[in-house]
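Here is a short report for a first look. Take a moment with the sequence and the fold before reading on.

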Amino acid sequence: MAYSEKVLDHYENPRNVGSMDKNDASVGTGMVGAPACGDVMKLQIKVNAQGVIEDAKFKTYGCGSAIASSSLLTEWVKGKTLDEARQIKNSQIAEELALPPVKIHCSVLAEDAIKAAISDYQAKQGTDSASKSA
Amino acid sequence: MSIDLKQNYFTLFGLPVTYAVDRAALDHRYRELQRVVHPDRFASAPDQERRVAMQQATRINEGYRVLKDALARGRYLLELRGHRFDDERNTHQDSAFLMEQIELREDLADVRDSRDPFAALGAILARIGARLEALDTELGAALAQDGIAASALTAIQRMQFFRKLAHEAEELEADLEDGS
């Protein structure tokens, strides 16, 4: 399958690969996997006192589209508030990367990963508002 | 002998509709069915009959592929019970399980740089094999209950991750053996 140029760019030069201390109270960790293809994604965010995402890191074991989806997502969430980051939809990622229909699940994985990271952070802060988000 | 294409695979192979499958009976019945629909027997038959025999052969091959494989059989059984898998949207979020997956993938990535790559890979393959075996038992227990147990769906998902890992480990093994 032919990857789009944007996918190739993120795949060859992934942004923000790495790990943060998952025990740090200002770090939220989201782990998700796609059983269908076996891809596993870990996405971490560092949130400041104002509720803004200062930094994001990811580690993804999977295909080029999964790596590109998580790489792009870490770029997008930096500087965003948690509520803004939670609004990101997989369809926006899929559109930006021009993912073919069979690779849509890679963008679903990225959307679920950021939501899980935000929930993890909020649970740590004792202000878990995941239940009231749409 | 005619073969009803609408029969489920278990019935087609004369087996009870259960996760546990008598492999010898399955293999035996497969060879029997293959003989019945073998193209050679329809070489001079009318087009219509030949087409039907070919459809039957396809159905038999597909049934055999599904029934002899634990994961495919488990999924098929759940589908017979009315479950619809949505692979495109379905994600797994058990952190501890996924952490283990990441660790195993990291271990796999480190194999080439280890002092004894074959020993390192062998240990990983053994671990994957043991986990798959345990999941097979778990899935069997979960599917022994009627209906669509959440534990069955979880076991299926976990099996899929370990299958993917096993596949990657086997590819690496082949590469190492080729000296590449």
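Two residues are in contact if their C-beta atoms, placed from the backbone, lie within 7 Å. The model shown is predicted.

## Contacts of Ala110(A)

Set aside the neighbours within four places in sequence. Ala110(A) is then in contact with Met41(A), Ser69(A), Ser70(A), Leu73(A), Asn90(A) and Ile93(A).

## Nonpolar cores

Ala110(A) also belongs to the largest nonpolar core, which has 37 residues. Ala110(A) is among those with the most contacts inside this core, along with Met41(A), Leu109(A), Ala113(A), Ile114(A) and Ala117(A). Several elements of chain A each supply at least two residues: strand 1, strand 2, strand 3 (53–61), helix 2 (64–77), helix 3 (82–86), helix 4 (90–97) and helix 5 (104–125). Helix 5 of chain A gives the most, with 10 residues.

A second core is separate and has 21 residues. Leu78(B), Leu104(B), Leu121(B) and Ala142(B) are included in it. In soluble globular proteins, nonpolar side chains tend to be buried together.

## Strand 1 of chain A

Strand 1 covers residues 27–34 of chain A, and eight of its eight residues are buried, so it is largely enclosed by the rest of the structure. In a regular strand the side chains alternate between the two faces of the sheet. Here both faces are covered. Val27(A), Thr29(A), Met31(A) and Gly33(A) are buried on one side. Gly28(A), Gly30(A), Val32(A) and Ala34(A) are buried on the other.

## The hairpin

Strand 1 of chain A runs antiparallel to strand 2 (residues 39–47) of chain A, and eight bridges join them. Gly28(A) has Ile45(A) as its bridge partner in strand 2. The two strands form a hairpin with four residues between them. In the turn, Gly38(A) has a positive phi of about 80°.

Methods. Residues are numbered from 1 along each chain as its sequence is written. Chains are lettered from A and ligands numbered from 1 in the order in which they are written. This is a predicted model: local features need pLDDT of at least 70, side-chain atom pairs count only at pLDDT 80 or more; totals for chains, interfaces and linings use all residues. A residue is buried if 20 or more other C-beta atoms lie within 10 Å of its own, exposed if 12 or fewer, and partly exposed in between; C-beta atoms are placed from the backbone. Two strands pair if DSSP finds at least two bridges between them. A nonpolar core is a set of buried Ala, Val, Leu, Ile, Met, Phe, Trp, Tyr and Cys residues joined through C-beta atoms within 7 Å.
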